[in-house]
Amino acid sequence: MIRALALLGALCGLAAGAAWLADNPGTITYTWREERGTLTTTEAAAVLAALIGAGVALLALGRRIVRLGTRRQTRRHGALHAAHEAGLLAIAAGDGKAAKAALAKAHRAGPDHGLTHLLAAQTGQLTGDDAGAEAAFEAMRRAEATRLVGLYGLATLADRRGDGAAALTHATAALAGGAGWAARMTLASAAAAGDYDAALAALETAGRALGAAEVKRLRLVLLTAKGFGEGDAARRAAKAAHRLDPAFVPAALALARKTPREAARILAHTFRRTPHPDLIAEHMAGATTAEDRLARVAALAALAPDHPESRLALARAALSARAPERAREALAPLLEGAPTERAMLLLAELEALAPGDEGRVRDALSRAVRAPKDPVWCADGVVADAWAPTSPVTGRLDAFVWQVPPALPPAARAPLDLPGQYPSLQPQAQRGSVPPTDTQRGQDKTP
C-alpha cells in the first residue's frame with residue numbers, strides 16, 4: 001500500500017513537472033567537445049528521464065545477477081551441509097557404504113572444505129582405507145584452521161601401525177598449539193623409555209597445555225619413578241616426590257630405600273595418611289625374626305589401628321610369630337559382614353592351627369574362593385605386583401590405581417618391570433581399562 005502511494009505520488013510529481021515545463025518553455029545551451037548546441041527544456045527533461053530509466057534498469061539487472069549468485073551459493077552450501085551431516089551420521093552408525101556416498105557428494109560441493117577432509121578421514125578409518133585417511137589428515141595438517149586435527153589423526157594412525165617415532169614427531173609438532181594429547185604423548189613416550197629427565201623437561205615445556213593439578217600429579221609420578229633409580233639424583237628426586245605428596249605410597253617407598261636411617265620415620269609418616277601393605281612390607285624388610293616382624297608391624301599398625309590393612313598385617317605377623325590369639329583378635333572385626341579373600345585365607349590358617357578341626361578350614365577356604373577381592377595395583381585391566389609409572393599395556397603415564405580388580409584370568413597379571421609400550425591415543429574406555437570409583441579417584445589414586 002505504501003509503495004503504491006509512493007509510486008502514485010511520483011507520477012503526480014512528474015506530471016506536474018511536465019505541465020510546468022510546457023507552460024514555461026525555454027532553451028538550454030551546451031558545449032560537447034567544442035561543439036555548441038541547444039535543447040529545449042522539454043527535450044532536456046526527456047533526456048534526463050531516459051538516463052534515469054537506464055540507470056534503474058542496470059541497477060535492477062545487477063541486483064538480479066547478485067541474487068542468482070547468492071541463491072546458487074546457498075544451494076551449494078546447503079548441499080555441502082547435507083552431505084557432511086549424512087556422512088557423519090553414517091559413520092556414527094557404522095555404515096561405510098552410505099559414508100562413501102555422502103563423501104562423493106561432499107567432494108562435488110566443497111572438495112577443499114575442512115569438514116570434507118574430516119569426513120574423508122573418518123570414512124577411510126571406518127572402511128579400512130588407511131591411505132585415504134592419512135591423505136585426508138595430511139590435507140588438514142596443511143590448513144591452519146584444521147592443523148591440530150590433522151596432526152592428531154596422523155599421530156593416531158602412526159601409533160596404530162606401531163610407528164612410535166612418527167607418532168611422536170606429530171605430537172611434538174602439535175605441542176606449540178597447546179594440545180593436551182600431544183603433551184601427554186611426549187611425556188609418556190619419554191617415561192616409557194625410562195628417560196625421566198627428558199620427561200620432566202617436556203612437562204615443563206608442555207605444562208600450559210595441561211591443568212595445574214595434572215601437571216603436579218605427573219611431576220609427582222615422574223619424580224617417584226626417577227627416585228627408584230640409582231645415585232644422588234635419584235635420592236633427590238625421591239625426596240622431592242615425597243615432599244610434593246607425603247601420602248603417595250610409591251614416593252615413600254623410593255625415599256625409604258634411599259635413606260635407610262630415616263626409613264622408619266618416612267614409612268610411618270605416610271602410613272598415618274594412607275595405610276598400605278607395601279609400606280608394611282618395606283618396614284618389615286629388615287627384620288630378622290618373626291617376633292621382630294610382629295613388633296614392627298604392631299608399631300606401624302598403631303598409627304591406624306582400625307584400618308583393614310593394619311589388622312590384616314597384624315594378623316599375618318602374629319600367625320608367623322605363633323601368636324594365634326593375637327591374630328584372631330586382630331582379624332575378628334574383619335570377619336563381620338562381607339570379609340575379603342585375604343581375611344578368609346588368614347582365618348583358614350588360624351583354624352588349621354587347631355588340631356582335628358578340618359571342617360572349619362575347608363569352610364574358610366570355600367568362602368575365600370567366593371569372597372570379594374582385596375585391592376591391588378591395576379592399570380588398563382592388568383593386575384601388577386607393584387606400582388609402575390606407566391601402563392604395561394598402553395604405556396599411558398600414571399595409569400596404576402590401587403583398587404579392587406575385576407574378574408581377570410591369570411594371564412592378566414603383569415610381571416614386575418614389564419616395559420611400557422608406546423601410548424595409544426584411543427579413549428580410555430576403548431582400551432578395556434579399569435575405571436576407578438569416585439572414592440578411588442579422590443583417595444586411592446594417591447595411596
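User: Where does I2 sit?
Analyst: I2 is placed in helix α1, residues 2-23. Helices (H or I, at least four residues) and strands (E, at least two) are DSSP runs, numbered from the N terminus. This is a predicted model, in which local features need pLDDT of at least 70 and side-chain atom pairs count only at pLDDT 80 or more, while totals for chains, interfaces and linings use all residues. Residues are numbered from 1 along each chain as its sequence is written, and side-chain values use heavy atoms, with hydrogens and water left out.

User: Is I2 buried or exposed?
Analyst: I2 counts as exposed, because its relative accessibility is 72%. Buried means under 20% relative accessible area, exposed over 50%, and partly exposed in between (1.4 Å probe, protein chains only).

User: Which residues form a nonpolar patch with I2?
Analyst: M1, I2 and L5 form that patch on the surface, with about 420 Å² of accessible area together. Patches are made of residues with over 30% relative accessible area and no salt bridge; like charges are joined within 9 Å, and nonpolar side chains (Val, Leu, Ile, Met, Phe, Trp, Tyr) within 5 Å. Accessible areas come from the Shrake-Rupley method with a 1.4 Å probe, and for residues only the protein chains shown count as cover.

User: Now salt bridges. How many are there?
Analyst: The structure holds 16 salt bridges, each being a side-chain nitrogen of Lys or Arg within 4 Å of a carboxyl oxygen of Asp or Glu.

User: What does R184 pair with?
Analyst: R184 forms a salt bridge with E214, and the closest N and O atoms are 2.6 Å apart. The pair links distant parts of the chain, since R184 is in helix α8 (residues 180-192) and E214 in helix α10 (residues 212-227), 30 residues apart. R184 is partly exposed at 39% relative accessible area, and E214 is partly exposed at 27%.

User: And R257, which partner does that one meet?
Analyst: R257 meets E282 in a salt bridge of 3.1 Å, N to O. R257 lies in helix α12 (residues 249-258) and E282 in helix α14 (residues 277-284), so the pair ties together parts that are 25 residues apart in sequence.

User: What about R311?
Analyst: R311 forms a salt bridge with D306, with the closest N and O atoms 3.4 Å apart. R311 counts as buried at 18% relative accessibility, whereas D306 is exposed at 62%.

User: Changing topic: how many residues are in the largest nonpolar core?
Analyst: That core has 44 residues, and W181, A182 and L187 are among those with the most contacts inside it. Helix α8 supplies the largest share of this core, eight residues. Another core, of 40 residues, lies apart from it and includes L255 and I266. A nonpolar core is a set of buried Ala, Val, Leu, Ile, Met, Phe, Trp, Tyr and Cys residues joined through side-chain atoms within 4.5 Å.

User: Which rings form a cluster?
Analyst: Ring pairs link F228, F248 and W387 into a cluster. Rings of Phe, Tyr and Trp (its six-membered ring) pair if their centres lie within 6.5 Å; planes under 30 degrees apart count as stacked, over 60 as edge-to-face and the rest as tilted.

User: Are F248 and W387 buried or exposed?
Analyst: F248 is buried, with a relative accessible area of 0%, and W387 is buried at 12%. Their ring centres are 5.7 Å apart and their planes are at 90 degrees, so the pair is edge-to-face.
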